[in-house]
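Here's a quick briefing to read with the model open beside you.

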Amino acid sequence: MKKPAAAASWIGVALLFLISTPLWGGDLLMVRSQLPFPQAQPRLEEEIVALGYTLSQARRVDIDLVGVGFTSGTYRAISYGDPEEIKMLSRRYPELTPFLPLQIVIFAERNESLLVALSPLYLKAFFPQPDLAGIFMRWNRDLQQIMENVRDAPPE
Amino acid sequence: MRFLKRALFPALMPLLVLLLSACTEIRERVSDRDVGSEGARLYALHCSACHGDFGLGGVGVPLALPDFLDSISNRYIEVTIRTGRPGRVMPPFPRLSDEEVRAIVEYIRSFTHGREPEFPPEPVVGDPKRGERLYAGFCAKCHGASGEGGKGTGLSFSRPRDLSILAPALNNPGYLAAASDQMIKHTLMEGRRGTPMRSFLAKGLSERDIDDLVSYIRSFQHRTPADVAMLQRPVKAVLARRSPYSYERTLERVRRSIAAKGLGILREEFLGEGIVEPGTENARQRVIYFVDLVMLSDGLALDPRMGLFLPCRITVVEQDGVVKLMAANPQQYAALFNNSALNEFGRMLFRTYLSIFEEATLRHEKARCCS
């Protein structure tokens with residue numbers, strides 16, 4: 001009597017897997033760093049530059065949020081990229097511009113920091129052009145390395 | 001909402017204090033052997049970003065509550081890792097091997113060094129109709145009228161939330177797959193210290209009442225929650241609209257439309273400004289950032305990771321004489337973050353972008369009546 005219901009439940013879970021699994025198979029990259037925010041942000045910027053990218057000015061995400069009850073003033077978006085690549089890609093694929101330049105957000109959680117980024121591999125399904133596949137792969141590999149290096153950095 | 005803040009936040013403050021003071025204790029309890037284990041390595045890789053290095057919580061709910069770990073089976077944790085909680089932030093990890101999942105479970109157990117509880121395998125038999133009435137009276141306040149659970153993404157010490165401990169979504173397919181009837185019954189009978197969940201026996205319910213409640217909760221599995229069904233990857237990653245106007249006029253119309261909606265433009269810049277050498281930016285690629293405080297605050301409260309897509313951003317590009325407006329599709333947010341609370345938020349932003357696009361590109365025609 002219970003078996004059909006249980007089987008239906010598992011089929012439901014399996015279907016939901018099909019919906020959500022690929023989205024978490026690398027679409028969102030997230031790491032926790034033991035570095036407090038004042039150390040983590042410059043470390044993140046160092047790691048980005050070390051891989052040959054150019055940084056843009058860090059952008060505040062939590063503008064005026066203290067006024068509406070948020071206690072943290074430590075949430076930044078760090079944009080970066082290769083200047084020539086940005087020029088070339090935005091010219092060749094204007095529809096890629098909403099995702100350029102690349103971005104990592106970093107925010108404080110107690111005395112640690114969280115880093116989140118959209119995996120460039122997410123874009124593969126929407127931009128199937130062969131010449132982009134290698135670029136997305138490289139971006140993803142670099143992004144992972146940057147985030148892992150910040151994650152593994154010991155606090156001073 | 002204010003009432004909830006006033007009534008519940010002070011009530012839960014002792015719990016926050018307890019968790020903070022437990023931090024050192026848990027670090028001490030997790031022995032060097034545990035820290036160097038494969039489970040610790042895998043936990044650091046896959047779990048700690050959300051649940052914290054020692055299970056104290058963050059974007060994800062805290063795991064290191066003794067009463068929580070003492071009332072859940074290893075199977076519950078294993079199935080939770082495998083299936084996640086569709087639409088409730090916790091992602092599934094289908095690629096981990098059974099061995100790796102077991103290692104993570106063992107490490108999580110080391111937070112409290114408690115023993116795995118044993119539950120009888122038999123399903124609980126009760127009257128779901130009667131259970132439904134009891135649920136409305138005793139459970140719906142925290143777990144939602146349809147078992148949809150509390151709102152938010154777990155506790156975060158840097159950002160106050162309405163509730164520091166999330167009431168689980170009892171209707172979630174992942175929860176129902178992981179929790180056995182007897183495990184749910186045990187929780188109802190005993191409650192969970194350190195959380196708002198109290199023993200229902202202490203509240204005056206009988207074991208029969210609790211059986212009826214369990215059978216009602218189990219009946220949720222025949223209905224997939226609508227908001228979970230919405231967690232689908234959008235067809236397009238980018239919203240784009242061609243403008244009939246010149247590049248400059250389109251920019252001006254976008255600005256006006258944003259202002260007319262009561263939204264504030266934070267800044268404008270050329271694409272890649274600050275990265276490409278000054279003066280070499282493409283003057284026909286302009287990015288406009290805009291938001292309002294309520295939108296920003298709501299988005300970050302629903303999921304603190306929303307800073308990836310907030311403030312809102314529209315790119316206006318002219319190429320080969322064609323002017324286009326573009327934005328990342330907000331309908332992707334819920335699926336990306338596995339957070340069904342973002343379904344409505346994403347839809348709201350989607351409508352906002354479309355409305356701006358339409359207003360900015362709408363061609364004015366002379367009213368015929370007056371021609």
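**Chain A at a glance**

Of the 156 residues in chain A, 53% are buried (under 20% relative accessible area, with a 1.4 Å probe and protein chains only). This is a predicted model, where local features need pLDDT of at least 70, side-chain atom pairs count only at pLDDT 80 or more, and totals for chains, interfaces and linings use all residues. Residues are numbered from 1 along each chain as its sequence is written, chains are lettered from A in the order written, and side-chain values use heavy atoms, leaving out hydrogens and water.

**Fold of chain A**
- Chain A has 4 helices and 6 strands (DSSP runs: H or I of at least four residues, E of at least two, numbered from the N terminus).
- Along the sequence, they come as α-β-α-β-β-β-α-β-β-α.

**A sheet in chain B**
- Five strands form an open antiparallel sheet, ordered β1-β5-β4-β3-β2 in chain B (strands pair if DSSP finds at least two bridges between them).
- The edges are β1 (238–243) and β2 (264–270) of chain B, each pairing on one side only.
- β1(B) and β5 (residues 322–328) of chain B run antiparallel, joined by 6 bridges.
- R241(B) has L325(B) in β5(B) as its bridge partner.

Methods:
Buried < 20%, exposed > 50% of the residue type's maximum accessible area, 1.4 Å probe, protein only.
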